[in-house]
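Please keep the structure in view while reading.

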Amino acid sequence: MRILFLEFDGVLHPASATSRLSPFSPLKTGVQQAWLFRWAWILDEMLMRHPDVGIVVHSHWKGIAPQPQLESLIGPLGRRLIGVTPGPERWPGIVSMAEANGLRNYRILDARANAFPPRLTELIACDPEAGLREFSVLRQLQAWLRTPPFH
């Protein structure tokens, strides 16, 4: 199985959109009002022909909602959600999970490249306001998806 480590903010919706979340509204209502996860369908379409790709959340959202609620929030991508990384830090959580599970074929979608080591080949860095709509991100993701699963 190939793994896609996924951040939500700046990938599945503009990072700035989270500023419209109200702490006084139920989470689902706030998500709908702020139009979060609006680009999840792009990733879902890209992964459609790749049933071997699972999703692991490394986003701070893992501390906001339990896994079943995360599955619901990300819509059709939820069926691919296999877990969340341990701990609050992005890169250490990914390393920990990759080592514990012997992962060799994975990519990281994130809008905060500075949270990772420089020139990390597994990182597909998104523009925080363009996310999955950015052509270079789509091209990198497609290139990875075209490689054989055990490469």
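Is W61 buried or exposed? The model examined here is a predicted one, and in it W61 has a relative accessible area of 1%. Because buried means under 20% relative accessible area, W61 is buried.

The chain contains five helices and five strands. Read from the N terminus, these elements follow the order β-α-α-β-α-β-α-β-β-α. The chain has a radius of gyration of 15 Å, close to the 15 Å that the globule rule gives for 151 residues, and it is therefore as compact as a globular protein of that length. Its C-alpha trace spans about 45 × 30 × 30 Å along the principal axes.

The interior and the surface may be considered next. Of the 151 residues in the chain, 48% are buried. The chain exposes about 7900 Å², and carbon and sulfur atoms supply 56% of that area. As for charge, the mean positions of the 16 positive and 13 negative charges are 4 Å apart.

A pair of aromatic rings is described by the distance of the centres and the angle of the planes. The structure holds five aromatic pairs. F5 counts as buried because its relative accessibility is 0%. Y106 is likewise buried, with a relative accessible area of 9%.

Another pair brings the reader back to W61. The ring centres of F37 and W61 are 5.2 Å apart and their planes stand at 70°, so this pair is edge-to-face. F37 lies in the loop between α1 (27-34) and α2 (40-47), whereas W61 lies in the loop between β2 (53-57) and α3 (67-73); the pair therefore ties together parts that are 24 residues apart in sequence. F37 counts as buried, as its relative accessibility is 7%. Finally, ring pairs link F8, F37 and W61 into a cluster.

Notes
Residues are numbered from 1 along each chain as its sequence is written. This is a predicted model: local features need pLDDT of at least 70, side-chain atom pairs count only at pLDDT 80 or more; totals for chains, interfaces and linings use all residues. Side-chain values use heavy atoms; hydrogens and water are left out. Helices (H or I, at least four residues) and strands (E, at least two) are DSSP runs, numbered from the N terminus. The radius of gyration is taken over C-alpha atoms; the globule rule is 2.2 Å times the number of residues to the power 0.38. Buried means under 20% relative accessible area, exposed over 50%, partly exposed in between (1.4 Å probe, protein chains only). Accessible areas come from the Shrake-Rupley method with a 1.4 Å probe; for residues, only the protein chains shown count as cover. Lys and Arg count as positive and Asp and Glu as negative; His and the chain ends are not counted. The place of a charge is taken as NZ of Lys, CZ of Arg, CG of Asp or CD of Glu. Rings of Phe, Tyr and Trp (its six-membered ring) pair if their centres lie within 6.5 Å; planes under 30 degrees apart count as stacked, over 60 as edge-to-face and the rest as tilted.
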